[in-house]
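Hello,

Here is the structure I promised to pass on to you. Please have a look at it first, and then read my notes below.

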Amino acid sequence: MPLMSTWRYMVSLQMSPQNLSFSDSLHIVILASILSLIIYWLIRDRHRVRNLSGKYIFITGCDTRLGNALARWLDKRGFCVIAACATEQEGQELRSCSSLSLKTVNLDLADSSSISRAIAFVTEETEGKGLFGLVNAAEGTTPAAPTDWLRIDDFHSELEVNLLGLIELTLKLLPLLKKAKGRVVNLINAKGFMAFVGGGYNLSKWGMESFSDILRRDIQHFGVKVSIVGHSFFNTEANSGIMERDLLRLWNRLPNEIRDSYGEKYFSEYRKAQRSSVKRLCNSDISKVIKCMEHALLAKYPRTRYAAGWDAKFFWLFLSYAPSYLSDTLFYMLFPAPAASGSTVPGVLINI
């Protein structure tokens, strides 16, 4: 029934109370309740935090494109931004295009002593005011390859940065966050919805999902809010180059037995499939992610979860709930089969 016709029907029923049945009354109550909840949510979602001046935000991963852009944007909005970069040179480059209030600090999430030095720097800079926001945007690079191409060190290097390092940093900053009744914003790639390629990246993102959920429930009593921003894949020449370089490195170090079981043709087709999937699924526009993170920091009532990008909202979320055979079939269509499998059917989507 068209919306206008439904509205006229409801009005006519209201004008004729004697004609209302119990079922009609129930429908009206349900529709009115749903409409009221939607209006309430929209109004509540638009409330913003005031007096941004003097509020401190600590952002990790400011040597990346996304973290760098967020730091500069929040600096323009009037926040006191403390940006963590991997090197001093990257920190200097960020300071050169920002206001004098933006500070930088070197941070290596795989090094506990580096984390402690960063905590001491943040504590000194906030001058007893506490920390209004922590944005965990740092992401380590990881080789994406078949699982039996990897070693345990490949998993350690990823988990130490993308999971354990971020957890250690967050735990040590909790006293400052509680003092300011601040918020934590954890940036999580769409791979957090489901595993599609081998490596520690998926494990770290699932771990951050779990940690964020537990943290949110545990510290909400202290006025600290926790949000997750799920985002699309970003297509940059640097990321594509690193992925191909890591894949070649892993292939060259494989024992002859494993390499022969896959075959040279598999390696060539896998590289092509990886390149094709990056081109097809990745997005170069980071503005949607910036908008979500800004809302999580500025909103009086930030959302628990945000989804930035079409694949984060629909594609990966759908596959995570779909039957396993569906995601497995899609994987088989995207990637080739090893020579030892005896399959003569290549990934049909590789060359599309």
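Helix α3 (residues 65-77) and helix α11 (residues 287-298) cross at roughly 50°, and their axes come within 11 Å. The two helices are therefore oblique to each other, and α3 passes α11 in a right-handed crossing. Please keep in mind that this is a predicted model.

Are the two partners buried or exposed? Arg-77 is partly exposed, with a relative accessible area of 34%, whereas Glu-294 counts as buried at 15%, because buried means under 20%.

The count of salt bridges comes to 11, and here are some others to look at. The side chains of Glu-244 and Arg-271 meet at 3.2 Å, N to O. Glu-244 lies in helix α8 (residues 237-253) and Arg-271 in helix α10 (residues 264-281), so the pair ties together parts that are 27 residues apart in sequence. Both ends are partly exposed: Glu-244 has a relative accessible area of 21%, and Arg-271 has 27%.

Asp-246 and Arg-245 form another salt bridge, at 3.5 Å, N to O. Here Asp-246 is buried, with a relative accessible area of 6%, while Arg-245 is exposed at 53%. There is a network as well: salt bridges link Glu-209, Asp-213, Arg-216 and Arg-305.

Now back to helix packing. Helix α5 (residues 112-126) packs with helix α6 (residues 152-180) at an angle of about 25°, and their axes are 10 Å apart. Angles under 35 degrees count as roughly parallel, so that is how α5 runs relative to α6. The crossing of α5 past α6 is right-handed.

One last stop is the surface. Which residues form a nonpolar patch there? They are Leu-26, Ile-30, Ile-34, Ile-38, Trp-41 and Leu-42, with about 550 Å² of accessible area together. One of them, Ile-30, lies in helix α2 (residues 22-45). Ile-30 is partly exposed, with a relative accessible area of 41%.

Happy exploring, and do write back with any questions.

Best wishes

Conventions. Residues numbered from 1 in each chain as written. Predicted model: local features only at pLDDT ≥ 70, side-chain atom pairs only at ≥ 80, totals over all residues. Heavy atoms only, no water. Patch = residues over 30% accessible without salt bridge, like charges linked within 9 Å, V, L, I, M, F, W, Y side chains within 5 Å. Areas by Shrake-Rupley, 256 points an atom, 1.4 Å probe, with all protein chains shown as cover. Salt bridge = Lys/Arg side-chain N within 4 Å of Asp/Glu carboxyl O. Helix = DSSP H or I, 4+ residues; strand = E, 2+ residues; numbered from the N terminus. Buried < 20%, exposed > 50% of the residue type's maximum accessible area, 1.4 Å probe, protein only. Axes fitted to C-alpha atoms, helices over the stretch in contact; angles between N-to-C directions. Parallel < 35°, antiparallel > 145°, perpendicular 65-115°, else oblique. Left-handed = near helix turned anticlockwise from the far one by under 90°.
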